[in-house]
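Hi everyone, thanks for coming. Let me put the structure up on the screen, and then we can walk through a few parts of it together.

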Amino acid sequence: MTTTLKYAGKTALGQLEDLSDKIELIPELPDFKDLSARLKFSPKEGRIWLDDMRMMMLHATSLGALRNEMIESLGVDKARALLTRMGYVSGAKDAELAAKLRGGEDFFDVFAVGPQLHSLEGIVNVEPVRLEADTEKGHYYGEFLWHDSIEDEAHIESYGIGADPVCWMQIGYASGYTSVFMGRPIFYKEVECRGMGHSHCRIIGKPVSEWNDIDEDLAFMQPQAFANAQTIRTAQNPSHRVMAPEEVPISSPLSGAMSTDMVGASAAFNVACHMLSKVAETDATVLFLGESGVGKEMFASTLQKISKRAKEPYVAVNCAAIPENLLEAELFGVEKGAFTGAIESRPGRFERADTGTIFLDEIGTLSLSAQGKLLRVLQEHQVERVGSKKTTHVDIRVIAATNVDLKSEVKAGRFREDLYFRLNVFPIHIPPLRDRKADIPLLMNHFLQKYSKKYGKSIKGFTSRAIDGFLNYDWPGNIRELENLVERGVILAPDDGAIDLNHLFTCGEDFSISMLGLNRDGSLNATAEDCLGAYGMSGQNYREIADHIVEQNVSLEVLERQILQAAVDKADGNLSAAARSLGITRPQLAYRLKKI
């Protein structure tokens, strides 16, 4: 089967030079050895490792039994949704491994890790049919054949041939894997399936905006009705996006009131959304925990919108922003003449939130005195204005948030234990962005749309170096920092251009080299000395060779021809292997060979 790759500019994870003409190649899949070498069995410890990720073996019959039980107990739609999202997270995780293993090679070699891991893990045999990728323009088209899928085998054994495709987990895997590579939501559809009677499964992947009539399919990618309400369906080309009317979110009873900023696809995001939906219809006190910038305020706002108090007042209080001497008056109100400057009576935040919801952000910053006053209100649901002897009953739902460890604060004597237990009725932990990397492509796309529209600019997307940077960075400021960087990138990038690394990390941010190995300037983290040392050569040896070549008056053209030919000969004509030995990509090698 012929595979056509079209390259234009830099690819998502390989470093390609800009080419004026697209290069069409018929590539062969890279050797499996680098992947199989990462698979380790440790019988004495009862563990299997794929690189640094713990794996497990599962009987195919067990997978079938699990699918059957999910379908029978939850229904087909819920079972499909759970398996699709599970596959998405697995695909996103494997994309990180792909970048680590082959981050310096060309796009196809790096991208092929996903299909090869699918085979290595015993899921399916993948045959590429067609692949086109251009991250800067947001273009992607992928077509693959799946042979001998374990998922449709398990389904057919229990339910026989049906009218709908059944490789739900694998579709999620492909979508998550490719979305991480492209830095934007890519969705696959299974257009042929053995579960429908075809001889093999055929999948096609494109940006979400290029699909028609996929609302039903996209619904299975969303953990809750209030998550990804519009972002996952947003047009990928900002030049169209800026002028286009707002997309209509996927239909649901809640869609009219939903926030469109709840964006994510990771397992951690799904768990938090599930907890949110469970507590929404109650009046229980909710405590959001997590680092600064993870989205606690967004979760709190969404909780109010999907609760039974949605139409009632919602009052947000930043406890850290109110001076200690004004806190009591701000929260509980003040009577006229209670102190100098109190020229009129006014209600406090609790009274203004009566019948609705009050959100106490950064509650861990309150002083012990303020904590005591707050505890009484939470216990009695009564407030007393400053300067008044009258108490007022308030019917409110309390939501609190903090980025500090309240248990440690209690042990240190800085936070009242009784108040902690009063608040800790239903805690929801929101993990940091570095633990939710599957969410990064969706967030990048969401904020690109938001700020392209705000500033009236047509930004086509992100360069490969920018995508690598986003995946490499440790995100100490979490989602808030990511949003700020995308806004900065939209402002600095040229109109009708793409956001590059130099438009983002302009304040000396340090990259972690644990995954892709990028330096601050976006180059690969490998020096010439490192490369030479790996072959037993020192920098001095290299300089001596260079001096000798110059003394012989060898032209650069002749030297390049000899080196390229030697690399190809040593690799027995395998251009991929030859390119790897030279530290360049296969398209670059093909381009140079064509020149000479």
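**A walk through the model**

Let's start with helix α5, where Val113, Gly114, Pro115, Gln116, Leu117 and His118 are the buried residues. By buried I mean under 20% relative accessible area, with exposed being over 50% and partly exposed in between, using a 1.4 Å probe on protein chains only. Helices (H or I, at least four residues) and strands (E, at least two) are DSSP runs, numbered from the N terminus. After α5 comes Gly122, which has a positive phi near 80°.

Before going on, please keep in mind that this is a predicted model: local features need pLDDT of at least 70, side-chain atom pairs count only at pLDDT 80 or more, and totals for chains, interfaces and linings use all residues. Residues are numbered from 1 along each chain as its sequence is written, and side-chain values use heavy atoms, with hydrogens and water left out.

Now the overall picture. The protein chain has 24 helices and 20 strands, and 51% of its 596 residues count as buried.

Next, a pair of helices. The axes of α2 (residues 60-74) and α6 (residues 150-159) come within 9 Å and cross at roughly 60°; axes here are lines fitted to C-alpha atoms, for helices over the stretch in contact, with angles running from 0 to 180 degrees between N-to-C directions.

On to Leu303, which sits in helix α11 (residues 296-305). Is Leu303 buried or exposed? Leu303 is buried, at 0% relative accessibility. Beyond neighbours within four places in sequence, Leu303 is in contact (heavy atoms within 4.5 Å) with Leu276, Val279, Ala280, Val286, Phe288, Arg397 and Ile399. With Ala280, 23 residues away along the chain, the C-alpha separation is 5.9 Å.

Finally, the cysteines. How many disulfides does the structure hold? There are 0, where a disulfide is a pair of cysteine sulfur atoms within 2.5 Å. For Cys201, the closest cysteine sulfur is in Cys167, 3.9 Å away, so that is too far for a bond. Cys201 is buried at 1% relative accessible area, and Cys273 is buried at 0%.
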